[in-house]
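Me: Can you walk me through some helix packing? I have the structure open and want the details.

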Amino acid sequence: MTDLHDLLIRYDKPGPRYTSYPTAPVWSDQFTAQDYDDRLRSAGQSSEPMSLYAHIPYCDALCYFCGCSTVITQRHEKEAPYVDRLLSEAALVRQTIGNSRTVIQHHWGGGTPTFLSPAMIEKLFTGLCELFPLTNDAEVSIEIDPRVTTREQLEVLAKIGFNRISMGVQDFDPKVQETVNRVQTFEQTQASVTAARELGFESVNLDLIYGLPYQTKAGIQRTLDLVHELSPDRIACYGYAHVPWIRKHQKVIPENALPRGAEKLELYLVTLDDMVAHDYTAIGMDHFAKNDDELALATENGCLHRNFMGYSTHPAEDMVAFGMSAISEVGGAFSHNHKNLKEWEAAIDAGNLPVNRGMVRSVDDNLRRRIILDLMCHFRLLFDRHGGAEDFHRRYESELRNLEPMVSDGLVTIGPDGISVTPRGRLFVRNICMPFDAYLDRDAEKGPRYSRTI
């Protein structure tokens with residue numbers, strides 16, 4: 001079998017993370033607010049529960065590794081106008097989609113959602129739930145920053161109905177924290193975790209990042225040891241996406257301090273081995289959950305789903321999203337809001353859906369999306385779920401041929417019933433999906449668009 005080091009050299013190249021297919025770089029500004037309006041009206045004919053996402057872009061300070069759409073400010077008077085406009089946007093969508101849809105997954109991200117005061121948190125949540133009621137078993141989650149989140153905010157979140165909480169850690173090493181401008185003590189994180197448990201949150205997730213400057217195997221292990229003192233229900237461990245040609249602020253990160261290739265993968269392998277040793281199940285590509293967590297059970301039962309919010313136990317096909325830069329997925333189309341705050345505000349103030357770009361998926365897109373979701377979520381693909389073996393081989397002859405080197409390298413197996421990703425292949429699952437991406441070759445001509453797969 002091919003040596004792991006050789007595999008890293010061969011497969012470490014730019015590639016999508018596949019939180020969507022087709023991926024965001026290929027969407028077009030030819031998709032308009034009217035196109036989104038049409039999709040919403042069609043989606044209103046369904047009664048299936050859907051997902052809802054609210055984007056709060058504000059942060060007190062900039063983390064240099066960040067790839068999110070943020071607005072850096074300490075002026076909290078911006079809260080109320082933003083909340084009012086976000087609710088106005090939600091009302092526009094509710095007016096178009098109608099009242100047949102409930103919400104099974106309600107999530108706030110950012111930015112820093114707990115930039116909002118307790119009063120604004122309650123106002124926004126109450127307003128969204130009046131427009132889009134929750135199902136009885138809804139997952140209601142929020143991302144917080146322990147450095148700025150108060151006990152009062154957590155009390156309000158618990159009171160109004162949030163039942164899951166996620167907080168960024170990234171790394172507890174002081175040198176790493178200082179280099180990426182996110183100094184966050186273990187005690188700050190511990191206080192938020194303890195308060196969340198005291199207040200009755202059903203699940204606590206911690207976010208880690210590997211591949212940050214000055215990270216080492218020993219340093220990662222020290223961070224993991226501290227994480228286990230907190231015993232979170234779930235852990236997300238993302239590879240740092242260094243894309244300074246897109247995120248200009250990442251240029252301040254010293255390039256020579258970044259672990260790359262085999263060195264970066266070793267950091268993840270330390271995490272993977274540690275998680276297994278502490279009875280966590282590896283979920284898809286970059287998540288871990290305690291073995292009795294419903295996310296781990298969903299993995300065993302084959303009902304895991306992946307969207308812009310990560311892996312989920314609630315496979316809602318449609319998601320409405322509100323706020324600057326928010327991305328909706330409705331009726332087989334993606335709709336991306338304006339990433340510029342003033343442009344988003346202007347559209348809302350004019351009474352328009354704030355659509356900047358998007359894409360309607362074709363029949364072929366939908367077929368390939370299902371293939372990629374199966375590989376990303378389940379590490380296997382059954383031909384019977386995709387029209388049968390004969391039809392699959394006929395439609396994807398060249399794609400299967402492109403997988404042959406990965407078969408030789410021990411990353412995948414192709415049998416009479418389907419495609420299976422091997423344990424070693426899970427480290428390269430993004431690469432395994434890439435042959436089924438119909439847009440990658442034409443994208444390559446437009447210059448770098450993606451972070452590296454390793």
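This is a predicted model: local features need pLDDT of at least 70, side-chain atom pairs count only at pLDDT 80 or more; totals for chains, interfaces and linings use all residues.

Me: Which residues of α1 and α9 make the contact?

Reply: From α1, Leu4, His5 and Leu8. From α9, Gly261, Ala262, Leu265 and Leu269.

Me: How do the residues of that contact divide into nonpolar, polar and charged?

Reply: The contact of α1 with α9 has five nonpolar and two polar residues, and no charged ones.

Me: And what crossing does α1 make as it passes α9?

Reply: A right-handed crossing.

Me: New topic, α8. At what angle do α8 and α9 pack?

Reply: About 30°. Helix α8 covers residues 217–230, and its axis and that of α9 are 9 Å apart. Angles under 35 degrees count as roughly parallel, so α8 and α9 are roughly parallel to each other.

Me: What about the crossing of α8 with α9?

Reply: α8 passes α9 in a right-handed crossing.

Me: Which residues of α8 and α9 are in contact?

Reply: α8 brings Lys217, Ile220, Gln221, Leu224 and His228. α9 brings Glu266, Leu267, Val270, Thr271, Asp274 and Met275.

Me: How many charged residues are in the contact of α8 with α9?

Reply: Three. The contact of α8 with α9 also has five nonpolar and three polar residues.

Notes
Residues are numbered from 1 along each chain as its sequence is written. Side-chain values use heavy atoms; hydrogens and water are left out. A crossing is left-handed if the near helix is turned anticlockwise from the far one by less than a right angle, and right-handed if clockwise. Helices (H or I, at least four residues) and strands (E, at least two) are DSSP runs, numbered from the N terminus. Contact means heavy atoms within 4.5 Å. Ala, Val, Leu, Ile, Met, Phe, Trp, Tyr, Cys and Pro count as nonpolar, Asp, Glu, Lys and Arg as charged, and the others, Gly among them, as polar. Axes are lines fitted to C-alpha atoms, for helices over the stretch in contact, and angles run from 0 to 180 degrees between N-to-C directions. Angles under 35 degrees count as roughly parallel, over 145 as roughly antiparallel, 65 to 115 as roughly perpendicular and the rest as oblique.
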